[in-house]
Amino acid sequence: MQSETTSHQATAPSAENSESLRRVAVASFIGTAIEFYDFYIYGTAAALVLNQAFFPTLAPVNATLASFSTYAVAFAARPLGSVVFGHFGDRVGRKSVLVASLLLMGLSTACVGLLPGYGTLGLWAPLLLILLRFLQGIGLGGEWGGAALLAVEHAPRGRRGLYAAFPQLGPSVGFFAATGVFWLLSEGMSDAAFRSWGWRVPFLLSFLLVGVGLFVRLKISETPVFARVRDAQEAARVPAVEVFRRHPRELLLGAGGMVVAYGLFYTATTYCLSYATGALGVPRTTMLGLSLVACLFLAAGTWLAATRSDGAGRRRLILGGAGLAAVWGAVLFPLLDTRQPVLIALGIGGALFCMGVVYGPMGAYLPELFGTTVRYSGASLAYNLGGVLGGAVAPLVATRLQPAFGSASVGWYVSAMAVVSLVCVLALPETRERELLG
């Protein structure tokens with residue numbers, strides 16, 4: 001499939017190239033950290049306060065479901081964002097599309113912080129919230145693929161897993177920052193003030209973060225792999241159509257491989273936060289603090305697996321993470337139900353570590369599954385279709401399963417998602433030896 005080796009990939013980087021690679025690593029990392037911060041603050045707010053701010057007339061369980069449903073809207077929008085941004089990313093270039101996705105995501109997030117609640121706007125409040133969440137999803141749908149390609153297509157051969165680790169760390173840092181801001185607000189103000197206006201502060205911070213992200217991203221160059229395709233005028237006319245025509249197997253199986261990563265993350269964070277503070281009565285500040293600790297497990301799993309995938313292989317590590325997740329799903333909720341902070345941190349931290357082991361190598365694995373002319377569209381679509389099946393659905397299913405069948409049923413649901421991903425990745429090849437230009 002890939003046959004041509006470029007000197008950029010085959011030789012050790014010069015001092016000038018090393019400096020360029022450092023800039024690329026920083027840009028891909030900071031960009032994804034900011035974008036995922038924007039995405040995660042919504043999830044935290046959905047679990048803690050949006051049900052009351054925008055759905056106060058509903059019964060508690062229905063309000064929570066409505067809040068999580070607006071949360072799920074962005075996942076439905078993300079594949080559309082992959083098609084739109086992927087089209088221009090494969091035809092115009094990776095860099096310019098990443099700037100556009102950052103602007104859309106950041107401004108949509110900041111506007112949530114300015115949106116009046118149900119008490120002021122009535123039905124228009126949740127409708128506008130859904131619109132802004134949809135725009136968030138469009139923006140994030142174009143973000144990950146471009147950031148991963150930015151790192152992978154600049155990296156020397158044999159080090160793509162290492163450089164792809166940087167954008168893959170973005171979600172860990174974004175989640176840590178999002179949770180940390182909510183934790184500080186919860187510690188520093190009364191519950192009434194937090195529910196009245198304090199929850200808006202993390203959203204408004206996005207105005208500042210967008211400026212930082214733009215400053216960093218405007219300094220990087222186009223990837224050399226795409227530059228060759230552009231100069232040779234070989235770009236696909238409609239990349240998304242080409243993905244479905246030439247790579248349907250890689251697309252669907254890659255999406256299936258991502259299901260467990262999304263399912264683990266959004267069950268262990270968004271749903272567990274809601275479940276523990278609601279059904280178990282664990283204080284909000286305690287759960288936010290424990291989530292901060294658990295995030296370190298996610299970063300560790302992501303970095304260890306991504307950097308080792310250059311030697312051990314992407315597929316082997318992803319399979320190991322999915323197998324471990326299948327076991328941990330049965331452990332997660334028994335640990336939470338103890339109400340003991342140390343055991344809760346262990347349960348959530350273990351789940352996020354499993355997620356990191358799967359997620360880390362995916363930064364190089366998904367791009368390597370697709371040819372250069374459709375790589376942005378293919379990798380983004382696989383990544384975000386997995387999000388629809390794993391991330392959007394998981395909190396909604398968990399909210400229904402737990403009252404009907406007990407918390408253990410949610411854990412078994414997580415294990416089932418892990419088995420799905422395991423089977424999908426087993427059907428895919430190893431990719432670390434593939435050339436990128438082709």
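Which residues are linked with Arg94 in a network of salt bridges? The network joins Asp90, Arg94, Glu153 and Arg375. A salt bridge here is a side-chain nitrogen of Lys or Arg within 4 Å of a carboxyl oxygen of Asp or Glu. This is a predicted model, where local features need pLDDT of at least 70 and side-chain atom pairs count only at pLDDT 80 or more, while totals for chains, interfaces and linings use all residues. Residues are numbered from 1 along each chain as its sequence is written, and side-chain values use heavy atoms, with hydrogens and water left out.

**Salt bridges**

- A search of the whole structure finds 13 salt bridges.
- Arginine 94 pairs with aspartate 90, at 3.0 Å from N to O.
- Arginine 94 also forms a salt bridge with glutamate 153, with the closest N and O atoms 2.8 Å apart.
- Arginine 94 sits in helix α5 (residues 94-114) and glutamate 153 in helix α7 (residues 124-154), so the pair ties together parts that are 59 residues apart in sequence.
- Helices (H or I, at least four residues) and strands (E, at least two) are DSSP runs, numbered from the N terminus.
- Arginine 94 is buried, with a relative accessible area of 0%.
- Aspartate 90 is buried, with a relative accessible area of 0%, and glutamate 153 is buried at 0%.
- Buried means under 20% relative accessible area, exposed over 50%, and partly exposed in between (1.4 Å probe, protein chains only).
- Arginine 217 forms a salt bridge with glutamate 143, with the closest N and O atoms 2.6 Å apart.
- That pair links distant parts of the chain: arginine 217 is in helix α11 (residues 206-217) and glutamate 143 in helix α7, 74 residues apart.
- Arginine 217 and glutamate 143 are both buried.

**Nonpolar cores**

- The largest nonpolar core has 117 residues, of which Phe54, Trp199, Leu336, Ile348 and Leu366 touch the most other members.
- Helix α14 (residues 248-278) gives the most to this core, with 16 residues.
- A second, separate core of seven residues includes Val152, Ala164, Leu436 and Leu437.
- A nonpolar core is a set of buried Ala, Val, Leu, Ile, Met, Phe, Trp, Tyr and Cys residues joined through side-chain atoms within 4.5 Å.
- Leaving aside neighbours within four places in sequence, leucine 366 is in contact with Trp144, Gly254, Met258, Ala379, Ala382 and Tyr383.
- Contact means heavy atoms within 4.5 Å.

**Two loop residues**

- Threonine 373 lies in the loop between α17 (341-368) and α18 (375-405).
- Threonine 373 is buried, with a relative accessible area of 13%.
- Not counting residues up to four places away in sequence, threonine 373 touches Asp90, Val229, Glu234, Ala236, Pro239 and Arg246.
- Arginine 339 lies in the loop between α16 (314-336) and α17.
- Arginine 339 is partly exposed, with a relative accessible area of 45%.
- Although it is not a glycine, arginine 339 has a positive phi of about 65 degrees.

**The largest pocket**

- The largest pocket has a volume of about 510 Å³.
- On a 1 Å grid over the protein atoms alone, a cavity is a set of points where a 1.4 Å probe fits but cannot get out, and a pocket is an open set with protein on both sides within 12 Å along at least five of seven lines; lining residues have an atom within 4 Å of a point.
- Grid points are joined across faces, edges and corners, and a volume is the space filled by probe spheres set on the points.
- The pocket is lined by 22 residues, of which Asn51, Pro60, Thr64, Ser274 and Gly278 lie nearest its centre.
- Helix α14 gives the most to this lining, with five residues.
- The pocket lining divides into 12 nonpolar, eight polar and two charged residues.
- Ala, Val, Leu, Ile, Met, Phe, Trp, Tyr, Cys and Pro count as nonpolar, Asp, Glu, Lys and Arg as charged, and the others, Gly among them, as polar.

**Cavities**

- The structure holds two cavities of 30 Å³ or more.
- The largest cavity has a volume of about 90 Å³.
- Its lining divides into seven nonpolar, six polar and no charged residues.
- The second largest cavity has a volume of about 60 Å³.
- Its lining divides into 11 nonpolar, no polar and no charged residues.
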